[in-house]
Amino acid sequence: MSALELLLVAVGGGVGAALRFLLDGLVKARVSGFPLGTLVINVSGSLVLGLLTGLGQAGTLPLPAVAILGTGMMGGYTTFSTASVETVQLLRSGKTRLAVLNGLGMLVVSVGAAALGLLLGRNT
């Protein structure tokens, strides 16, 4: 990887983090009691990362672009750590059902979205 590609991965990470911040804020302004913003972010990011990876594997998208957009931008956009903390916060506040729904639901749906993205990207 060149120095320019490394810089672009870092910039992509910053752009992804900013997008996450904006989208999460928009969702939190409308929904409370359940971390829906993080769920939307992680599922959509998994779908996009799967798509980018599939496009790279199919030779449709150059591998440096996969690194910049996938590792950089989607890496900055998605957030496993926030999802983990929000799940623990739900547990600590006695919302066990929501915590299980959030933790397991996000995992299952995000993996499904990534698989769909890979399938779509490879078959493009």
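Helices (H or I, at least four residues) and strands (E, at least two) are DSSP runs, numbered from the N terminus.

The model shown throughout is predicted: local features need pLDDT of at least 70 and side-chain atom pairs count only at pLDDT 80 or more, while totals for chains, interfaces and linings use all residues. Residues are numbered from 1 along each chain as its sequence is written, and side-chain values use heavy atoms, with hydrogens and water left out.

Figure 1. From the N terminus on, the order of elements is α-α-α-α-α. Along the principal axes, the C-alpha atoms fill a box of roughly 50 × 30 × 20 Å. The chain has 124 residues, and 35% of them count as buried; here buried stands for under 20% relative accessible area, exposed for over 50%, and partly exposed for values in between, with a 1.4 Å probe and protein chains only. The accessible surface comes to about 7,200 Å², and carbon and sulfur atoms account for 74% of that surface. Accessible areas come from the Shrake-Rupley method with a 1.4 Å probe, and for residues only the protein chains shown count as cover. Contact means heavy atoms within 4.5 Å. Of the contacts between residues at least 6 apart in sequence, 75% join residues at least 24 apart.

**Figure 2. Lys 28 and Asp 24 are joined by a salt bridge.** A salt bridge is a side-chain nitrogen of Lys or Arg within 4 Å of a carboxyl oxygen of Asp or Glu. Lys 28 is exposed, at a relative accessible area of 52%. Asp 24 is buried, at 14%.

**Figure 3. Thr 38 is a buried residue of helix α2.** Its relative accessible area is 2%. Not counting residues up to four places away in sequence, Thr 38 touches Asp 24, Thr 79, Thr 82, Ala 83, Glu 86 and Met 106.

**Figure 4. Six residues form a nonpolar patch on the surface: Leu 4, Leu 7, Leu 8, Val 11, Val 15 and Leu 19.** Together they have about 500 Å² of accessible area. Patches are made of residues with over 30% relative accessible area and no salt bridge; like charges are joined within 9 Å, and nonpolar side chains (Val, Leu, Ile, Met, Phe, Trp, Tyr) within 5 Å. One of the residues in this patch, Val 11, is found in helix α1. Val 11 is partly exposed, with a relative accessible area of 46%.

**Figure 5. Gly 70 is buried in helix α3.** Its relative accessibility is 3%. Leaving aside neighbours within four places in sequence, Gly 70 is in contact with Leu 49, Leu 52, Ala 65 and Gly 75. The C-alpha atoms of Gly 70 and Leu 52 are separated by 6.4 Å, although the two residues are 18 apart along the chain. Helix α3 spans residues 63-77, and its buried residues are Val 66, Ala 67, Ile 68, Gly 70, Gly 72, Met 74, Gly 76 and Tyr 77. What covers these buried residues includes α1 and α2 (36-57).

**Figure 6. The largest pocket has a volume of about 230 Å³.** Rolling a probe the size of a water molecule over the atoms shows where empty space is left. On a 1 Å grid over the protein atoms alone, a pocket is an open set of points where a 1.4 Å probe fits, with protein on both sides within 12 Å along at least five of seven lines; lining residues have an atom within 4 Å of a point. Grid points are joined across faces, edges and corners, and the volume is the space filled by probe spheres set on the points. The lining has 13 residues, and Asn 42, Phe 80, Ala 83, Met 106 and Leu 107 lie nearest the centre of the pocket. At least two lining residues come from each of α2, α4 (80-92) and α5 (96-122). The largest share, six residues, is supplied by α5.

**Figure 7. Leu 98 is a partly exposed residue of helix α5.** Its relative accessibility is 29%. Leu 98 touches Gly 33, Phe 34 and Leu 90, not counting residues up to four places away in sequence. Pro 35 is 63 residues from Leu 98 along the chain, with 9.5 Å between their C-alpha atoms.
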